[in-house]
Amino acid sequence: WAAEVYGKKSGILALFFYSFSPSIITYSGLATADFTAASMIFIASYYYWLLIRKPTNKNLFITSIFFGLAMLSKLTAIVLIPLFFIIGFFAVHKKQNDWKFKDLIKKILIIFLIAFMMIWVFHKFQFDTISNALPPEYYEEKAQEEISKAPYISKQLLFVYDKIPLPAPVYIGMIGNIFYLSLQDKVGFVFGTITNNVAWYY
């Protein structure tokens, strides 16, 4: 990627930093989702950048596949959703291709649709309410209690949780769980200190 943007010397330099990065050295040898997710996010981002520069169906399809794989690798890959919109709008605004904003929205929706179909296939075409899909002994009472505390839209959220069948409900429920956990106070280890003042994105 660096070689394509800045030349071969920059590509070699980027490879050098990659090869000796402590994070890469540490996580590449561990059986965790972190390295897989980082790889899929990187590849999806690269092909999305390539799609913006060379808007072909091939690049659109490959972007969709790796976006789906990123979303399946780890739930925190949902950070790609706002990033794709931001990068895309910036590219259209700077006229990096002949897209208009409606073309960008169309391409992004295609990417999301293909990716979600991959997620649904992975979840064996499950179609149910979130309350029925999640293990009740772990989630049901606690989820209903926490959803009822949501300002302004608690009734609507409870209705969706209990009454609306959704494709891949476990996946959607887990995304909701991530947003819930990100809003909770948590203990963290930051700059050598154990603290309760941890930013939501940490």
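How many aromatic pairs does the count come to? In this predicted model, the count comes to twelve aromatic pairs, taking rings whose centres lie within 6.5 Å. One of them joins Tyr47 and Phe66, whose ring centres are 6.1 Å apart with 5° between the planes, and this pair is stacked because its planes are under 30 degrees apart. Tyr47 belongs to helix H4 (residues 33-53) and Phe66 to helix H5 (residues 57-73), so that the pair links distant parts of the chain, 19 residues apart. Tyr47 is partly exposed at a relative accessible area of 22%, and Phe66 likewise counts as partly exposed, at 21% relative accessibility.

A further pair is formed by Phe67 and Phe84, with 5.4 Å centre to centre and 35° between the planes, an arrangement described as tilted. Since Phe67 lies in helix H5 and Phe84 in helix H6 (residues 80-93), the pair ties together parts that are 17 residues apart in sequence. Both Phe67 and Phe84 are buried, and both are members of one aromatic cluster that also contains Tyr48, Phe85, Phe89, Phe101 and Phe112.

Helix H5 also packs against helix H7 (residues 101-122), and the axes of H5 and H7 come within 8 Å and cross at roughly 45°.

Two residues call for attention in their backbone. Most residues other than glycine have a negative phi. Phe125, however, has a positive phi near 55°; Phe125 lies in the loop between H7 and strand S1 (127-128) and is partly exposed, with a relative accessible area of 48%. Ala168 has a positive phi as well, of about 50°, and is found in the loop between strand S2 (166-167) and helix H11 (169-182). Ala168 has a relative accessible area of 0%, and is therefore buried.

As to confidence, the protein averages a pLDDT of 81, and 83% of the residues score at least 70. Among the elements of the protein, H5 has the highest mean pLDDT (93), whereas helix H9 (residues 140-147) has the lowest (65). Where pLDDT is low, the predicted coordinates should not be read in detail.

Notes
Residues are numbered from 1 along each chain as its sequence is written. This is a predicted model: local features need pLDDT of at least 70, side-chain atom pairs count only at pLDDT 80 or more; totals for chains, interfaces and linings use all residues. Side-chain values use heavy atoms; hydrogens and water are left out. Rings of Phe, Tyr and Trp (its six-membered ring) pair if their centres lie within 6.5 Å; planes under 30 degrees apart count as stacked, over 60 as edge-to-face and the rest as tilted. Helices (H or I, at least four residues) and strands (E, at least two) are DSSP runs, numbered from the N terminus. Buried means under 20% relative accessible area, exposed over 50%, partly exposed in between (1.4 Å probe, protein chains only). pLDDT is the predictor's confidence in each residue, from 0 to 100. Axes are lines fitted to C-alpha atoms, for helices over the stretch in contact, and angles run from 0 to 180 degrees between N-to-C directions.
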